[in-house]
Amino acid sequence: MNTTAQKLDLIHWITELDDVPTLEVLEIIKEQSSKKDWWDSISDTEKDSIEKGLADAREGRVVPHALVKKRYEKWLKD
């Protein structure tokens, strides 16, 4: 069976379906399949920056949050 015939068969089956739990599962599958991963929607430059940051963290090239807060506290005060 080719994909067009398979789709038509499923459409026919769904139009005849009265089983609410099955319809709910199909709705979940539909929603899940339409969601895109945010990684796929960002630019290569953004991906490279993230990868560089992760590599820096793995290699210990990080500054503790407390030190950053102390360094910039005059700009962080309310």
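Me: What makes Leu23 and Leu26 count as being in contact with Ile14?

Reply: In this predicted model, Ile14 is in contact with Leu23 and Leu26 once its neighbours within four places in sequence are left aside, and the word contact is used because heavy atoms lie within 4.5 Å. For Ile14 and Leu26, which are 12 residues apart along the chain, the C-alpha atoms are separated by 9.3 Å. Ile14 itself is found in helix α1, residues 3-16.

Me: Why is Ile14 called partly exposed?

Reply: The relative accessible area of Ile14 is 37%, and since buried means under 20% and exposed means over 50%, this value falls in between, so Ile14 is partly exposed.

Me: How do you know that Glu27 and Lys30 form a salt bridge?

Reply: The N to O distance between the side chains of Glu27 and Lys30 is 3.5 Å, and because the cut-off is 4 Å, the pair qualifies as a salt bridge. The two residues are three apart in helix α2, residues 20-34, and are therefore separated by about one helical turn. Glu27 is partly exposed, with a relative accessible area of 36%.

Me: What makes Lys52, Asp56 and Arg61 one network?

Reply: The side chains of Lys52 and Asp56 meet in a salt bridge at 3.3 Å, N to O, and Arg61 forms a salt bridge with Asp56, the closest N and O atoms being 2.7 Å apart. Salt bridges that share partners join Lys52, Asp56 and Arg61 into one network. Lys52 and Asp56 are four residues apart in helix α3, so about one helical turn separates them. In total, the structure holds three salt bridges.

Me: Why is Lys52 called exposed, and why is Asp56 called buried?

Reply: Lys52 has 54% relative accessibility, and because exposed means over 50%, Lys52 counts as exposed. Asp56 has 16% relative accessibility, and because buried means under 20%, Asp56 counts as buried.

Me: How do you know that Lys47 has no salt bridge?

Reply: The nearest side chain of opposite charge to Lys47 is that of Asp44, which is 4.3 Å away, whereas a salt bridge needs a side-chain nitrogen within 4 Å of a carboxyl oxygen, so Lys47 is without a salt bridge although it is buried. Lys47 is found in helix α3, residues 44-58, and, not counting residues up to four places away in sequence, it touches Trp39, Asp40 and Ile42.

Key. Residues numbered from 1 in each chain as written. Predicted model: local features only at pLDDT ≥ 70, side-chain atom pairs only at ≥ 80, totals over all residues. Heavy atoms only, no water. Buried < 20%, exposed > 50% of the residue type's maximum accessible area, 1.4 Å probe, protein only. Lys, Arg positive; Asp, Glu negative; His and termini not counted.
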